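Morning, everyone. Please bring the model up on your screens.

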Amino acid sequence: MTTATGEPLADRLAAQLRQAGADEVRFAAGLDELAALADHATGPLLITGTDLVAHTAVLRHLATSPVGPTVALVLTDPAVPGRTAVREERGQVVDAGAVDALDGEATGVFGGALRVGVADLSTLAAAARAAAIGVLPVATPLGPPGEVSAFRPTEGAGPAGRLAPVPAGGPGSAVDRLVAGLAALGTLIFAQRVRLLVAHRVDDAAGLVAAEAAVTAVDEDRAELRLAVKEKDDFFSTYFVSTWSPYVVRVAARLRLTPTGVTVISVLFALAAAVLFGVGGRPALVSGAVLLYLGFVLDCVDGQLARYTRHFSAWGGWLDTMADRAKEYLVYAGLGFGVSHAGLGNGWALAIAAMTLQTVRHMTDTWYGVLHDEAARRPRAATGASGGIGDRLNAASTRVQADTGSLSYWLKRTVVFPIGERWALIALTVALFNPLVSLIAVLVWGVLAFAYTGALRTLRARWMWVPVLDTVDATLHRDDGPLARRLPVVRPMGPLTLAVIAALGSAALLVAALLGDVPDGLRWAVPVALLVLLVGGLGAGAAHNGPLDWLVPAALRAAEYLFAIAVGVVGGAPGWLIFGYVFVLTVHHYDLTARLEKRQAAPPLHPATLGWEGRSVLLALAAIAGIVSIGMATLGTYLLVVFVASVVLAWFVRPARSARASAAPAGAGGGAPR
């Protein structure tokens, strides 16, 4: 087809792909050629058909999407014969094929373009070869990725392309069969939706004219600025931040600030707010509240700037996750110091409680998200997800989420106490009242939110019955050390039951220490509590495939934190030292969850962290010896040094070594001849 400017649509798409960042644009004569390209490619491939009319930004967003290695463009256009329909859940394409084959559950149509990551290139080659002979591949459950074990006939074959437009067939075009084949082989495909921008697949001259008119009618840069804002954010962020943060994003882009730079500035704002909360006095508290709000605005701006400029990196994503938690807990420290400094009570105890509660909540949030994603990827018959209260809860949640902007929608998003609401509550209560009221408010709302989400998620998880810990390195994410790995396995009770027993034993010691007149008199109860804590290690070698075993990491985090706090109280350690030690533990554990979310390997020095049980044994020995403060300070400093060294190795030293090795000339000893 020919565009309004007289050039072939395929040539215009090729030019757009170059503008989107493709370093090579090639037309493939057929699917066999595409398979050969995939066999020899060393980087991600961007594949399109020649029937796509879209803003260049749509292709750039697809090429730079950070959600996953393989991403497909998904449109809301009505399904037509020959086009692949998709069913999307939680941003993943969980099914793809003819609209009739999806049994009315299609949520969109394939937009004729997809990016395939390096890890999925072998699967792409298998799907392309299958489509070339007119069949749909079926994955081998126990075979290697991309292996084809069975086929189902499909319509006649057609051509496809790589990094460029390719001829689009009529019914059952090659690019449509290709994405259906990838889905059939079990490839994890993320959906890239078009919002505010325009993308359409066209079949004739009239459709081409209409699509070009729609593209011209939209200001691409203005749309990209609005697209930088999350589509579905929380209430406070939506109405009190995102209404004006895009203007800050534009200024930051003109000043050539990087997302990482904005993250650092937001940390400084939060640190200044924490200091002012500790100083006390109405002017300082109000000023701290204002700085806290502005710091949260910048916390939103760093992500928006990354989306607007398309500057994504694994380091930036990891740093943003870690900085968010560090900022929040620094604020808790400032509030705790402020309470104690003003003589309003034991502020450090409240700050420790708030940090512990929030961290355990975040651990459950992370693993429930993993659980939900895994359930979305599995056929519903395999999950047993039919009938019962879990089915009704899931249906109700889906209805509420679809009713965007309704009262029930905002209540559901607000009641879980997200970060925006937490910072807003802190800023308001500390400005109007004092740090004591602020910490109590955070704890009360946090406990209620934890109870609400915990109850509903437990019911839904039992309904889904999908194991997730057995799909990853359970030892790593349990944070087991050498002692736990050597303990005998008690299978009948299950790893979650054992982890809960460990947490209850630590909680009992803490309650006894807080209620006792002489906490130091419980020094010899510490070994007993330690033995109960080590019960959690008896499930280390067991299968973590129960419907609620996704809660094991959170239960073990709670067990270790409570034990450390109890030992600190028994040993008379100052509140700030206990807070600092638990803070270091949370940093270590957030590193693990951030790597899980970003699909990254274990920290380089993870074995040196000793495991939750090893650290607890050392604290118990310090308590028995009567040197808890010294032991806690020494162990905390050691763990912090290990963490910093691990970060430097993972993000700077090893990448630099890899870069030097790849750049070394052939025969120089740094790389193999090519």
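The second largest cavity has a volume of about 40 Å³. A cavity, on a 1 Å grid over the protein atoms alone, is a set of points where a 1.4 Å probe fits but cannot get out. Its volume is the space filled by probe spheres set on the points, and grid points are joined across faces, edges and corners. This is a predicted model: local features need pLDDT of at least 70, side-chain atom pairs count only at pLDDT 80 or more, and totals for chains, interfaces and linings use all residues. Residues are numbered from 1 along each chain as its sequence is written, and side-chain values use heavy atoms, with hydrogens and water left out.

Which residues line the second largest cavity? They are Met363, Trp367, His477, Pro553, Arg557, His589, Leu592 and Thr593. Lining residues have an atom within 4 Å of a point. Helices α13, α23 and α24 each give two or more residues to this lining. The most come from α24, with three. Helices here are DSSP runs (H or I, at least four residues), numbered from the N terminus. By class, the lining has four nonpolar, three polar and one charged residues. Ala, Val, Leu, Ile, Met, Phe, Trp, Tyr, Cys and Pro count as nonpolar; Asp, Glu, Lys and Arg as charged; the others, Gly among them, as polar.

Now the largest cavity. How many cavities of 30 Å³ or more does the structure hold? Two. The largest has a volume of about 100 Å³. It is lined by 13 residues, and His588, Thr609, Leu639, Val642 and Phe643 lie nearest its centre. Two or more lining residues come from each of α24 and α26 (628–663). The classes are seven nonpolar, four polar and two charged.

Next, a pocket. That is an open set of points with protein on both sides within 12 Å along at least five of seven lines. The second largest pocket holds about 790 Å³ of space. Its lining counts 33 residues, with Ala353, Thr356, Leu357, Ala558 and Leu562 nearest the centre. Elements giving two or more residues are α13 (347–377), α18 (435–464), α21 (495–515), α23 (552–570) and α24 (575–597). Of these, α13 gives the most, with eight residues. The lining has 25 nonpolar, seven polar and one charged residues.

Which helix gives the most to the lining of the second largest cavity? Remember, α24. For the second largest pocket, say α13. Thanks.
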